[in-house]
Amino acid sequence: MTHAAMSTGPESAATKAERPVVHSGELIPFNDLRIQWREIAGSAQREFNDVFATSAFCLGAQVEAFEREIASYLGAAHAIGVNSGTSALHLAIIAANIGPGDEVLVPAHTFIATLWGALYAGATPVLCDVDETTGTIDVDDAARRLSPRTRAILPVHLYGQLANMRAVIAFAERHRLAVIEDAAQSIGARWDGRAAGTMGLLGCYSFYPGKNLGAAGEAGLVTTNDATIAARLRALRSHGQSEPYIHAQVGFNYRMDGLQAAILRHKLMRLDAWTARRRALAERYRRGLAGLPLQIPAVHHRDHVWHLFVVRTPQRDALREHLQRAGIETGLHYPVPLQRQPCLAHLVRDRDSFPRAEQWAREGLSLPLFYGMSDGQVDRVIRTMREFSFSA
Ligand SMILES: *Cc1c(COP(=O)(O)O)cnc(C)c1O
């Protein structure tokens, strides 16, 4: 297995070069997806055979079954399977009728794919600063960046926790903005019983292997409660066809694979149990790290799904090196905020006006947390962290 498949995001190439030379004990990886595979390998075989027996490789019965099951799991009226989270975000922007001349409010602290859809569609992403304690979009900051061209707000449910949707929805209603949720990191997180990705006009999900619900390759999903939008999304993902070989609109080849759907169905059955284990590991970290001079993740709602466990300290780089020397892999999500990305320079007037996004990028450190991680491994990370000399 490549290291990329084991990590949660595309930052893994950098981690690899910094692998520790010497360390005591077993390596604690940042993620280990083999454990999930071992649990589903036997039972998923039947659905795999079905895909080959019917040759339903692109869309087909497995995708339709997955769409029904995940729509019901999330409580969304419609779920449309696509080939990545990035494609989901692109189609969501188009389905919200956002294009050239339109502005979309997005957090500056996120994976860059959050704003690709708006850029692909010719719209203008407007970066906003984020909340100090959760790293999710700061609606007060977004309000200052509002213009007559603002058409949508795109909150990211970061690290497994919902953005402040009460504030986002009130703000969007006041200014007649569409809400498009990036729920790539937070499948199954709930707020007053409603699932991440089902509170706005459109919800976007990624099944990149390292996500909480991960495929064996690329896959994604869009949800909506609007039947007309759902029909349009189904056409858009398959060459803009409303009926065979009639292309009423410019479309894409963004279809979900049958094999990915077959795997995802088996993982979806186990998702709540796997999330429960993630919660137990996170709780163990929170207790074990209490009292250390670093910011442990703030929990603003009960149903956090702990995609990542990100602590913050001004000594991030030294702490990371200390852990690496002890054979503990960590991650950075994300070390360069969007206002400093070379390809986005034209969008940014004042790079210094995102102080909290800068702080998250400079100080955030993602500790190992994955389904199948043992209590003993968490305890070793905690012990190693306690041995680090934090400066006062
Ligand atoms: C993973 C991720 C995406 C992109 O999903 P892909 O399936 O990799 O295209 C978008 N936004 C966020 C916040 C993500 O974590």
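Visitor: What do the side chains of aspartate 138 and arginine 356 do?
Guide: They meet in a salt bridge, at 2.7 Å from N to O. That term stands for a side-chain nitrogen of Lys or Arg within 4 Å of a carboxyl oxygen of Asp or Glu. Keep in mind that this is a predicted model, where local features need pLDDT of at least 70 and side-chain atom pairs count only at pLDDT 80 or more, while totals for chains, interfaces and linings use all residues. Residues are numbered from 1 along each chain as its sequence is written, and side-chain values use heavy atoms, leaving out hydrogens and water.

Visitor: How many salt bridges does the rule count?
Guide: The count comes to 18. One of them joins the side chains of arginine 265 and glutamate 69, again with 2.7 Å from N to O. Arginine 265 sits in helix 10 and glutamate 69 in helix 4 (residues 61-74), so this pair ties together parts 196 residues apart in sequence. Helices here are DSSP runs of H or I with at least four residues, strands are E runs of at least two, and numbering goes from the N terminus.

Visitor: Which domains is the chain divided into?
Guide: Domain 1 takes 4-33 + 271-386, and domain 2 takes 40-268. Those bounds come from an automatic or database domain assignment. Their centres, taken over C-alpha atoms, are 24 Å apart.

Visitor: And how many salt bridges are there between domain 1 and domain 2?
Guide: Three. There are also 24 residue pairs in polar contact across that interface, both residues at pLDDT 80 or more. A polar contact is a pair of N or O atoms within 3.5 Å; within protein, one must be able to donate a hydrogen and the other to accept it, and residues adjacent in sequence count only if both atoms are side-chain atoms.

Visitor: Which element gives the most to the side of domain 1 that touches domain 2?
Guide: Helix 12, with six residues.

Visitor: Switching topic: which residues come nearest to the ligand?
Guide: Of the 15 residues around the ligand, those are Gly85, Thr86, Asp182, Ser206 and Lys211. To be near, a residue needs a heavy atom within 4 Å.

Visitor: Where does serine 206 put its polar side-chain atom?
Guide: That atom lies 2.6 Å from an oxygen atom of the ligand. Glutamine 185 also has a polar side-chain atom by a ligand oxygen, at 2.9 Å. For glycine 85, a backbone N or O atom lies 2.8 Å from an oxygen atom of the ligand.
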